[in-house]
Structure formats: C-alpha cells, structure tokens
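Biologist: I would like to learn how to read a model like this one. Could you take me through it, one feature at a time?

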Amino acid sequence: MNLAKFWELVETCRRLTQRREVRLALLRDDLSRRPPEEIVEFQICLDQVTRHAFTWELVT
C-alpha cells in the first residue's frame, strides 16, 4: 500500500459516515480482510503521516 491508496481508504471511510467510531469500525473491518502485508504497509503509512503531522506549526 502506498500513500495514495492509504488516503483513498481513509477518505472512503470518511465519506461513508461522519461518526468517528463508525469510521474506525469500517476501517478496521476493511483492513481485517486484507493480507497481513497490506496491514503492515497501512501501519507504515499511518506512522509516516502521523510523524509529519506532529510539527510545531501544526501544534501552535
């Protein structure tokens, strides 16, 4: 999974509902049907975008 596919999956879940807990459940269900390698790749992408989001510019 690359970043484009990562964001596509996140966006698909976001479009389906605005409720955070439902989005997380949808994402969890989708990932649970994927091969382990894709789940790991998703986590790597999540770690990457999270790391980039934690900047002083975003925090302040």
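Biologist: Let's begin with confidence. What is the mean pLDDT of the chain?

Modeller: Keep in mind that this is a predicted model. Where pLDDT is low, the predicted coordinates should not be read in detail. Here the mean over the chain is 92, and 95% of the residues reach 70 or more. Among the elements, helix α2 (residues 20-32) has the highest mean, 96, while helix α4 (residues 56-59) has the lowest, 68.

Biologist: And the layout? How many helices and strands does the chain have?

Modeller: The count is 4 helices and 0 strands, so to speak an α-α-α-α order when you start from the N terminus. Along the principal axes, the C-alpha atoms fill a box of roughly 35 × 25 × 15 Å.

Biologist: Now the packing. At what angle do helix α1 and α2 pack?

Modeller: As a general idea, two packed helices are described by the angle between their axes and the distance between the axes. For α1 (residues 3-16) and α2, the angle is about 135 degrees and the axes are 9 Å apart. That value makes α1 oblique to α2, and their crossing is right-handed.

Biologist: Which residues of α1 and α2 make the contact?

Modeller: From α1 come Leu9, Cys13, Arg14 and Leu16; α2 supplies Arg23, Leu26, Leu27, Asp30 and Leu31. Sorted by class, this contact has 6 nonpolar and 3 charged residues, with no polar ones.

Biologist: How do α1 and helix α3 pack?

Modeller: Their angle is about 90 degrees, with the axes of α1 and α3 (residues 36-53) 10 Å apart. This makes α1 roughly perpendicular to α3, because angles of 65 to 115 degrees count as such. On the α1 side, Leu3, Phe6, Trp7, Leu9 and Val10 make the contact, and on the α3 side Phe42, Cys45, Leu46, Gln48 and Val49. By class, the residues are 9 nonpolar, 1 polar and no charged.

Biologist: Last topic: how many salt bridges does a search of the whole structure find?

Modeller: The search finds 5. One of these pairs Arg14 with Glu11, whose closest N and O atoms are 2.5 Å apart.

Biologist: Where do Arg14 and Glu11 lie?

Modeller: Both are in helix α1, 3 residues apart, which is about one turn of the helix. Arg14 also takes part in the contact of α1 with α2.

Methods
Residues are numbered from 1 along each chain as its sequence is written. This is a predicted model: local features need pLDDT of at least 70, side-chain atom pairs count only at pLDDT 80 or more; totals for chains, interfaces and linings use all residues. Side-chain values use heavy atoms; hydrogens and water are left out. pLDDT is the predictor's confidence in each residue, from 0 to 100. Helices (H or I, at least four residues) and strands (E, at least two) are DSSP runs, numbered from the N terminus. Axes are lines fitted to C-alpha atoms, for helices over the stretch in contact, and angles run from 0 to 180 degrees between N-to-C directions. Angles under 35 degrees count as roughly parallel, over 145 as roughly antiparallel, 65 to 115 as roughly perpendicular and the rest as oblique. A crossing is left-handed if the near helix is turned anticlockwise from the far one by less than a right angle, and right-handed if clockwise. Contact means heavy atoms within 4.5 Å. Ala, Val, Leu, Ile, Met, Phe, Trp, Tyr, Cys and Pro count as nonpolar, Asp, Glu, Lys and Arg as charged, and the others, Gly among them, as polar. A salt bridge is a side-chain nitrogen of Lys or Arg within 4 Å of a carboxyl oxygen of Asp or Glu.
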